[in-house]
Amino acid sequence: MATYIVGDLHGCFNEFQLLLEKVNYDPKQDELFLTGDLVARGEDSLACLRFVKDPANNAKTVLGNHDLHLLATLLGIKRVKPNDKVDPIFQAEDRLELQNWLRNQPLAIYHPTHKFLLVHAGISPEWDLATTLNCAKEAETLLQSSQYANYIAQMYENNPQRWSDELQGIERWRYIINVFTRMRFCHTDKRLDFECKLPIEEAPKELVAWFELDNPLYKEQEIIFGHWASLMGKCPYPNIYALDTGCAWGSHLTMLCWEDKQIFTQKRLK
């Protein structure tokens, strides 16, 4: 039995299947986790959704920002971006079923045996483990409610930038969503930044990667994330694993085998 974690698929279904073949993935014995952003930019987002949704494949994912954006477009809140190549999802007979399945996926997964913490983008520099899991559950409950469209409609803002236990309502929910699905850089005072998407070495000096801030959780907890393709899998801390390596942008897809920490990759096919 092995536990595999794969970085952002972004619709790169064929590369995903080749990666699974490389390790002889057996869903009856192995576990498979994904860092979110199953959809957008690659050639077959629909197949990615269907594969992960199928219980026979024993796959689990967290939600990414592109997954949430897909929900927003399916609800008519946002327009579809042509480069996302998601038209087949809108035309699929199981569109509504996929939509409801997707909104019921978690924002964070804490593995009960291996004790790793899986998220799409990051963890707030002001959260400990209990707060992280509680905030994830809080936001998940709203996405899974009958009022989820109202929350998604109010999702597209950058404020608040700082966490407070006193945050309430949509501002609290929005901060949680932004942390789990959008964050990369922070200011040194722990305010979130959503403008800079550069590699760390090219970022303005007043910004630091979220995992470089002083949060004891970052040192104590094994964390796996995706989202930040320009890192190309490089993180300076041995307990923090960056798995988005930009397959949809012409690079490769990355898989981590948890038991021996071996890395497997599959180049973009076209």
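Student: Which residues of helix 5 are buried?
Tutor: This is a predicted model, where local features need pLDDT of at least 70, side-chain atom pairs count only at pLDDT 80 or more, and totals for chains, interfaces and linings use all residues. Residues are numbered from 1 along each chain as its sequence is written, and side-chain values use heavy atoms, without hydrogens and water. Helices are DSSP runs of H or I with at least four residues, strands are E runs of at least two, and both are numbered from the N terminus. With buried as under 20% relative accessible area, exposed as over 50% and partly exposed in between (1.4 Å probe, protein chains only), the buried residues of helix 5 are Leu 98, Gln 99, Trp 101, Leu 102 and Arg 103.

Student: What do the buried residues of helix 5 pack against?
Tutor: Contact means heavy atoms within 4.5 Å. The partners of these buried residues are helix 2, strand 3 (59–61), helix 3, helix 6 (129–143) and helix 7.

Student: At what angle do the axes of helix 2 and helix 5 cross?
Tutor: Axes are lines fitted to C-alpha atoms, for helices over the stretch in contact, with angles from 0 to 180 degrees between N-to-C directions. The axes of helix 2 (residues 45–53) and helix 5 (residues 95–103) come within 11 Å. Their crossing angle is roughly 65°.

Student: Why does Trp 101 count as buried, and which residues does Trp 101 contact?
Tutor: Trp 101 lies in helix 5. Trp 101 counts as buried because its relative accessibility is 15%. Leaving aside neighbours within four places in sequence, Trp 101 touches Leu 38, Leu 49, Val 52, Lys 53 and Thr 61.

Student: What is the angle between the planes of Trp 210 and Phe 211?
Tutor: Rings of Phe, Tyr and Trp (its six-membered ring) pair if their centres lie within 6.5 Å; planes under 30 degrees apart are stacked, over 60 edge-to-face, and the rest tilted. This rule gives 18 aromatic pairs. Trp 210 and Phe 211 form an edge-to-face pair, 5.3 Å centre to centre. The angle between their planes is 80°.

Student: How far is Arg 103 from the ring centre of Tyr 148?
Tutor: A charge sits over a ring if NZ of Lys or CZ of Arg is within 6 Å of the ring centre and within 35 degrees of the ring normal. Arg 103 lies over the face of Tyr 148. The distance is 4.0 Å.

Student: Which peptide bond is cis, with omega near 0°?
Tutor: Look in the loop between helix 7 (148–153) and helix 8 (169–181), where Pro 160 is placed. The cis bond runs from Asn 159 to Pro 160.

Student: Is Asn 24 exposed or buried?
Tutor: Asn 24 lies in the loop between helix 1 (13–22) and strand 2 (31–34). Its phi is near 55°, positive in a residue other than glycine. At 62% relative accessibility, Asn 24 is therefore exposed.
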